[in-house]
Amino acid sequence: KIEAYDISHFGGKDRVGVMTVIENGEIKKSDYRKFKIKNDFEKANDTLDLKEVLDRRFTHEEWRLSDVVVVDGGKAQLNVVEKILKDLKLNKIKAVGVVKGEFHKPVRLIGDAETIKKYESDILLANAESHRFAISFQKSKRGLLKEKDPYSR
């Protein structure tokens with residue numbers, strides 16, 4: 001099970017986070033989750049927003065833990081995940097970051113090398129889904145999308 005996280009905002013406003021899930025190589029939309037960022041920072045801070053989302057995710061003991069956590073971002077975002085996993089003594093969960101380049105395209109994966117080698121295509125799929133889902137949720141929060149999403153948290 002691979003969980004991927006992304007943070008989205010519009011000029012620092014309407015900040016949201018999402019979790020998407022790939023299990024056994026398949027998208028599992030029933031496990032997707034949305035998070036409205038609650039911290040009161042006046043502008044976007046992706047690492048603090050990510051920390052909030054992950055802290056909230058891991059308070060849900062009824063949600064089965066993943067084998068891999070994927071974050072959209074570089075070393076700063078990966079450090080947030082690794083610290084939370086260490087603090088919670090979830091050492092078996094591997095962490096991977098997807099570093100993006102121009103036009104928000106993945107340029108490299110960072111983190112646990114063995115996990116990257118074994119699950120590269122699933123990691124990229126999970127990341128692409130989290131990015132798509134985050135933008136969709138953020139737009140819906142601003143009223144740009146009309147439908148209500150059943151995966152909202």
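Colleague: Which residues does Tyr5 touch, leaving aside those up to four places away in sequence?

Modeller: This is a predicted model, so the contacts are those of computed coordinates. Tyr5 touches Val18, Met19, Leu50, Val53, Leu54, Arg57, Val69, Val70, Val71, Asp72 and Ser130.

Colleague: How should I read a list like that in terms of a nonpolar core? Which residues of the largest core touch the most other members?

Modeller: Tyr5 is one of them, together with Leu50, Leu54, Phe58, Val81 and Leu85, in a core of 23 residues. At least two residues of this core come from each of strand 1 (2-10), strand 2, helix 1, strand 5, helix 2 (75-87) and strand 6 (94-100). Helix 2 contributes the most, 5 residues. Another core lies apart from this one; it has 11 residues, including Ile22, Val96, Leu109 and Ile116.

Colleague: Why look at residues three or four places apart in an α-helix?

Modeller: They point the same way, because an α-helix has 3.6 residues a turn. Take Lys51 and Asp55: both lie in helix 1, 4 residues apart, about one turn of the helix. Their side chains form a salt bridge whose closest N and O atoms are 2.6 Å apart.

Colleague: What links Arg56 and Glu52?

Modeller: Also a salt bridge, with an N to O distance of 2.9 Å. Arg56 and Glu52 are 4 residues apart in helix 1, so about one helical turn separates them. Both residues are buried. Elsewhere, salt bridges that share partners join Glu23, Lys28, Asp31 and Arg64 into one network.

Colleague: How many salt bridges are there in the whole structure, and where in the chain do Glu23 and Arg64 lie?

Modeller: The search finds 11 salt bridges. In the bridge between Glu23 and Arg64, the closest N and O atoms are 2.2 Å apart. This pair links distant parts of the chain, 41 residues apart: Glu23 is in strand 2 (residues 13-23), and Arg64 is in the loop between helix 1 (46-58) and strand 5 (68-72). Glu23 counts as buried at 19% relative accessibility, which is read against a cut-off of under 20%. Arg64 is partly exposed, at 46%.

Colleague: Last, pockets. What space lies in the largest pocket, and which residues lie nearest its centre?

Modeller: The largest pocket holds about 230 Å³ of space. Of its 16 lining residues, Asp67, Val68, Thr115, Lys118 and Tyr119 lie nearest the centre. Strand 2 and helix 3 (113-141) are the elements that give two or more residues to the lining. Helix 3 supplies the largest share, 5 residues.

Technical notes:
Residues numbered from 1 in each chain as written. Predicted model: local features only at pLDDT ≥ 70, side-chain atom pairs only at ≥ 80, totals over all residues. Heavy atoms only, no water. Salt bridge = Lys/Arg side-chain N within 4 Å of Asp/Glu carboxyl O. Buried < 20%, exposed > 50% of the residue type's maximum accessible area, 1.4 Å probe, protein only. Core = buried A, V, L, I, M, F, W, Y, C linked by side-chain atoms within 4.5 Å. Contact = heavy atoms within 4.5 Å. 1 Å grid on protein atoms, 1.4 Å probe; cavity = no way out; pocket = protein on both sides within 12 Å on 5 of 7 lines; lining within 4 Å. Points joined across faces, edges and corners; volume = space filled by probe spheres on them.
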